[in-house]
Amino acid sequence: MERKEFESYLKKYGEKIEQIRQSAHDLHQSVNQTYGKDLPYGYHLDMVVQGIRDFGHLVCAREQDVLPLFFGGYYHDSIEDARLTYNDVMKVARSFLTEEQAVMATEIAYALTNDKGRTRAERAGEKYYQGIRETPYAPFVKLCDRLANITFSCSADNSDSRRMREVYKGEMPHFLQCINPHSDDPRFKLPQETVLRLAECLIDDLEREEHEGKVWWYDY
């Protein structure tokens, strides 16, 4: 989809997107979830959706998918962190979207919900990644989620941010491989422009790795 066409749909559906945004903010506020040390969780949701605003035209296949894509971005953590069930999310989605759109939107949120596990690796195992790869737009929304988290970890200089930056950097080659379905369907695409934006936060290490021939941000 051309950027101008995508942006025209953002204006067309701007009021409904804002309603979805406020609904998601209110949901996470209702369970007192925060981001970082003391930011409202809506801060993270807005960062994720900013990635969708910036790069969504590269994956969005049709006008009918615009609202599900944004709903998936705003509600991607609603099951994992805000105590909703799949059916809860579906009910909310139906209040904003058509039945077909609601199913697509809810499937994105469900695909991005971590599995049960004691460790980070167990919570994001092969079954989890398979669900992402098999769900339209889930790879892209997950990439925007990771872009938001890396951008945030690179924006502050404290022990938690430095630790998470190292975690994300170490996970990156495996992460990109795991969420990439290698499909010609644009709905499953990982735009190179988005991956390169993500890499900007880690540029010092990427420059070093490039000299060593490890150009993972292209080889995904």
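**Exercise 1.** In this predicted model, determine which helices and strands each supply at least two residues of the lining of the largest pocket, and state which element gives the largest share.

*Solution.* Step 1. The elements that each supply at least two lining residues are strand β1 (34–35) and the helices α5 (78–81), α8 (120–123), α9 (126–133), α10 and α11 (159–179).
Step 1. Among the contributors to this lining, α11 has the largest share, with 8 residues.
Step 2. The space in the largest pocket amounts to about 940 Å³. Its lining consists of 37 residues, of which Tyr-35, Arg-120, Asn-149, Met-164 and Tyr-168 are the closest to the centre.
Step 3. Sorted by class, the lining holds 13 nonpolar, 11 polar and 13 charged residues.

**Exercise 2.** Describe the lining of the second largest pocket by residue, by element and by class.

*Solution.* Step 1. The volume of this pocket is about 220 Å³.
Step 1. Its lining is formed by Glu-107, Tyr-110, Ala-111, Thr-113, Asn-114, Asp-115, Lys-127, Tyr-128, Gly-131 and Thr-135.
Step 2. Two or more of the lining residues come from each of α7 and α9.
Step 3. The classes are represented by 3 nonpolar, 4 polar and 3 charged residues.

Notes
Residues are numbered from 1 along each chain as its sequence is written. This is a predicted model: local features need pLDDT of at least 70, side-chain atom pairs count only at pLDDT 80 or more; totals for chains, interfaces and linings use all residues. Side-chain values use heavy atoms; hydrogens and water are left out. On a 1 Å grid over the protein atoms alone, a cavity is a set of points where a 1.4 Å probe fits but cannot get out, and a pocket is an open set with protein on both sides within 12 Å along at least five of seven lines; lining residues have an atom within 4 Å of a point. Grid points are joined across faces, edges and corners, and a volume is the space filled by probe spheres set on the points. Helices (H or I, at least four residues) and strands (E, at least two) are DSSP runs, numbered from the N terminus. Ala, Val, Leu, Ile, Met, Phe, Trp, Tyr, Cys and Pro count as nonpolar, Asp, Glu, Lys and Arg as charged, and the others, Gly among them, as polar.
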